[in-house]
Amino acid sequence: MAESKGQNYLHGAAILAAGVVIMKILGAIYKIPLGNILHDEGYAYFLVAYNIYNLLLTIATAGLPVALSRMISEANTLGRPNQVRRIFRVSLGTFAVLGAIASVVMYLFPTELAVAMGEPRAAQSIWALSPAVFLVCLTSAYRGHAQGLNDMRPTTVGQVLEVLVKVVVGLALAWYLTSAGKSLPIAAAGAVFGTVAGGLAALIYMFVFKTRHFSEPGSAGDVPDGAGSSFARLMRIGIPITLGASVMSLITLIDMKLVLDRLQTAAGFSQDMASELYGVYGKAMTLYNLPAAFVTPLTISVVPAISACVARRTYESSCDIAEASVRITSVISMPMAVGLSVLSYPIMNVLYRDSNESGPTLLMLMGIASFFVCLALITNAVLQAHGNEKYPVYSMIAGGLAKIAVNWFLVGDPDINIYGAPIGTICCYVVMCAMNLVFMCRCMERRPSLVRIFARPLISTLIMGAAAWVSYEAVYGVASGIISSEWLGMAFSMLVSIGLACIVYLVLIIATRAVTYDDMKLIPKGEKIARLLHIK
């Protein structure tokens, strides 16, 4: 078995994060023009299909790649290459069966699924997206294998390739179909088919990479466990994680149905207006997901790193990794969340010029929620890596029920309507984070220091947020008298305020030692960067 190149968990996370930056740029190139091509209403059809796809994909892949990564990390740490191979083969077969079932359901019953969600015009998009589940399931097996060996490079390259192909194919089809005068449901189906093309490209890449880099002979002294016992352990670890993640995907699906229904039956909006409001809400969600995308690489790297410490019974090291990962998550996600909220008006109006006027307020609320989403992701990963897979399930169920309850009452209020959806999201993830932190304090060998984790990033973030708001108002006041185009003046002011906020935050986290020299040593070229920035 080819050995990992010695990537520690933050080194691997940094490699994944570099890919995330590229993917986010490509994703912006995809989703922002797509939202403008399809408009709010057509974007709602796109979202309905995606939410159904995400639920089926979550059921098939949410827990099993984590379980696969954890099992392979343990076997590799113990020097069992034949066991690593056995685990992968069992997992690949399992993923293939689950993916095939999910794809068949979407292919055979697109109309029924769309009607069940209250948006029958999304049927074409669901049908077009159906092959993607099978392709992504197979790809997830290869990614879990590489991640278990602490090699994050193939995952990063594969994800970038997947998004690049999706952007090219999806935007090309959406533009062509709308230019040809096709209906919005057909154009949305063309756009969503880009995901299928991207999934196929990523699968081919991962297959080739594994064949070339992870195909060395095994050890004669390593007798692998039986296929049945490997499958049983995969299920035992993966099912609780899958249930927890599926709960949130299911609740998101129920929430979508609930929001569309309550906007019409209780708040009094027409179906077209309800779709438009949900479409602009979906555009705000695209931006609100940005911080979580930068934290996800860290969650992927944390699981095998902590699992390896637990396998070696070096529990003090596992606690250090857990606390550092939550602190770094705070350093990354807090400023992004506050930035989205403070600059919500220019961001929405610059990126989505013709969207419903509720967009900026929705993004302001979703920006607040994004921090708690990131915190929930990393605390879930820490609990799962320590072998406490059931606790995230409890917190997700509690948070999901809180979201449904809040949305039921607030979205149905004509004066609040669509704004109730992000408020419900905030309540959901606050509940999840509070429960996860309590579980971590109870289950880990050493309690994490919440003051050390949150205090310094919070101080830096609040000052940065004030700087972003003041600078935007000042620059826009000057720019509006010089630049004739209101949109260009707003875009220029937004970019200047974002750049200034980044500089202010960087100075503050160095001054407050929110990031330390020891942290920087764990990332590629970190020591050189630390010396350059005078981080001690």
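Here are a few friendly notes on some helix and side-chain contacts in this predicted model.

1. Which residues meet where α5 and α6 are in contact? From α5 come Val136, Arg143, Ala146 and Gln147, and from α6 come Pro154, Thr155, Gly158, Gln159 and Glu162. Sorted by class, this contact has three nonpolar, four polar and two charged residues.

2. Next, have a look at the aromatic rings. A pair of aromatic rings is described by the distance of the centres and the angle of the planes. The count for this model comes to 11 aromatic pairs. One of them joins Tyr142 and Phe207 edge-to-face, with 6.3 Å from centre to centre and 85° between the planes.

3. What does the pair of Tyr142 and Phe207 tie together? Tyr142 lies in helix α5 and Phe207 in helix α7, residues 184-213, so the pair links parts that are 65 residues apart in sequence. Tyr142 counts as buried, at 10% relative accessibility, while Phe207 counts as partly exposed, at 46%.

4. Helix α7 also holds the pair of Tyr205 and Phe209. The ring centres of Tyr205 and Phe209 are 6.1 Å apart and the planes stand at 40°, so this pair is tilted. Because Tyr205 and Phe209 are four residues apart in α7, about one helical turn separates them. Is each of these two residues buried or partly exposed? Tyr205 counts as partly exposed at 22% relative accessibility, whereas Phe209 is buried, with a relative accessible area of 11%.

5. Coming back to Tyr142 and Phe207, you will find that they belong to one aromatic cluster together with Phe88. If you are exploring the model on screen, selecting Phe88, Tyr142 and Phe207 shows this cluster.

6. Finally, turn to the nonpolar core. The largest one has 137 residues. Which residues have the most contacts inside this core? They are Phe46, Tyr53 and Leu375. Leaving aside residues up to four places away in sequence, Leu375 touches Val326, Thr329, Cys433, Leu437 and Phe454.

Conventions
Residues numbered from 1 in each chain as written. Predicted model: local features only at pLDDT ≥ 70, side-chain atom pairs only at ≥ 80, totals over all residues. Heavy atoms only, no water. Contact = heavy atoms within 4.5 Å. Helix = DSSP H or I, 4+ residues; strand = E, 2+ residues; numbered from the N terminus. Nonpolar A, V, L, I, M, F, W, Y, C, P; charged D, E, K, R; others polar. Core = buried A, V, L, I, M, F, W, Y, C linked by side-chain atoms within 4.5 Å. Buried < 20%, exposed > 50% of the residue type's maximum accessible area, 1.4 Å probe, protein only. Phe/Tyr/Trp six-rings, centres within 6.5 Å; stacked < 30°, edge-to-face > 60°.
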